[in-house]
Amino acid sequence: MRIIIENNYQEMSKKAALMLASQVTLKPESVLGLATGSTPLGMYQELIEMYKHDEIDFSEVSTFNLDEYYGLSPQNKASYHYYMHHNFFKEVNIAPENIHLPDGNAKDILKECQAYEKLIDHSGGIDLQVLGIGANGHIGFNEPASKLNVKTNLVELTEETIADNSRFFAKKEDVPRKAISVGMATILKTNRIILLASGKNKARAIKETVSDYVCTEIPSTLLQTHPQVTLIIDKGAASLL
Ligand code: GLP
């Protein structure tokens, strides 16, 4: 596991954008795994700027997002569909047919999960996966538990995550209690992973992520079994290392 410590959020975002841009330059038809949350917003901003300055071309890129809330329509402003469209897709030239997110509103959720997993497989696999991290060590929406899903599945959110993510909703009761998330094996079979973390509230999770054990109660520790993981973190998130 490689650890890059940047001075602040802006430098972390720039570094992550440069890595993603390098991937797309080296392989224009890259398959990217994308994340939501506050952390990658700066990276998306940097990528939009690079696109506007003709420094990156997404025309052949495909994307797969990690997760989506259960029961939220793509028009719902708290949905990850809305987040991605609003914060990134509408500003760059990724072909709409190459954009993939799980449908949290699907009639048959389990079928949707299986279909999403198949789509990722048929894409040839994810070249570069971007991850954030929950304060409890969750990645995607794989929450601490005694058993973790291998493949894309419907998951129950923990009270901690519901409280953390309530800032994106009008009130806490509006936060869905379930989500579709790609599974741990889906994440671990991607070719290369960059994990972004910023701020002291992520310091404990980062310390655990680089510890010398793996455990399902801290899902991010499983990243230690992956050969190509780079943590790009700021000083706050690195403060317990
Ligand atoms: C959500 C997402 C995760 C993300 C996490 C951290 O729960 N499902 O993919 O990593 O939030 O979010 P933030 O970056 O806002 O701290």
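Which residues make a nonpolar surface patch of about 260 Å²? In this predicted model, the patch is formed by Ile3, Ile5 and Leu241. Ile5 belongs to strand β1, which spans residues 2-6.

The overall dimensions were examined next. The C-alpha atoms occupy a box of roughly 45 × 45 × 35 Å along the principal axes. Of the 241 residues, 54% are buried. Among contacts with a separation of 6 or more, 77% are accounted for by residues 24 or more positions apart. The accessible surface of the protein amounts to about 11100 Å², and carbon and sulfur atoms contribute 50% of this area.

The secondary structure consists of seven helices and ten strands. An open sheet is built from seven strands in the order β1-β10-β9-β6-β2-β3-β5, with parallel pairing. Strands β1 and β5 (99-100) are located at the edges; each has a single partner strand, so one side of each lacks a neighbour in the sheet. In general, the strands of a sheet pair through backbone hydrogen bonds, in either a parallel or an antiparallel sense. At one end of the stated order, β3 (residues 62-65) pairs with β5 in the parallel sense over two bridges. Within this part of the sheet, Thr63 stands opposite Ile99 of β5. Strand β1, which stands at the other edge, contains Ile5, one of the residues of the nonpolar patch.

Charged side chains were then considered. The count of salt bridges comes to eight. One of them joins Lys14 and Glu46, with the closest N and O atoms 3.5 Å apart. This pair links distant parts of the chain, since Lys14 lies in helix α1 (residues 9-26) and Glu46 in helix α2 (residues 41-52), 32 residues apart. Lys14 is partly exposed, with a relative accessible area of 38%, whereas Glu46 is buried, at 18%.

A further salt bridge connects the side chains of Lys90 and Glu91, with an N to O distance of 2.8 Å. Lys90 has a relative accessible area of 43% and is partly exposed; Glu91, at 27% relative accessibility, is also partly exposed.

Asp121 and Lys189 likewise form a salt bridge, in which the closest N and O atoms are 3.2 Å apart. Here too, distant parts of the chain are linked: Asp121 is placed in helix α4 (residues 109-122) and Lys189 in the loop between α6 (184-188) and β9 (192-197), 68 residues apart. Both partners are partly exposed, Asp121 at 42% relative accessibility and Lys189 with a relative accessible area of 45%. Through salt bridges that share partners, Glu117, Asp121 and Lys189 are joined into one network.

Another lysine, Lys171, is located in the loop between α5 (159-165) and β8 (178-181). With 46% relative accessibility, Lys171 counts as partly exposed. Lys171 and Tyr116 are separated by 55 residues in sequence, and their C-alpha atoms are 30 Å apart in space.

Methods: Residues are numbered from 1 along each chain as its sequence is written. This is a predicted model: local features need pLDDT of at least 70, side-chain atom pairs count only at pLDDT 80 or more; totals for chains, interfaces and linings use all residues. Side-chain values use heavy atoms; hydrogens and water are left out. Patches are made of residues with over 30% relative accessible area and no salt bridge: like charges are joined within 9 Å, nonpolar side chains (Val, Leu, Ile, Met, Phe, Trp, Tyr) within 5 Å. Accessible areas come from the Shrake-Rupley method with a 1.4 Å probe; for residues, only the protein chains shown count as cover. A salt bridge is a side-chain nitrogen of Lys or Arg within 4 Å of a carboxyl oxygen of Asp or Glu. Helices (H or I, at least four residues) and strands (E, at least two) are DSSP runs, numbered from the N terminus. Buried means under 20% relative accessible area, exposed over 50%, partly exposed in between (1.4 Å probe, protein chains only). Contact means heavy atoms within 4.5 Å. Two strands pair if DSSP finds at least two bridges between them.
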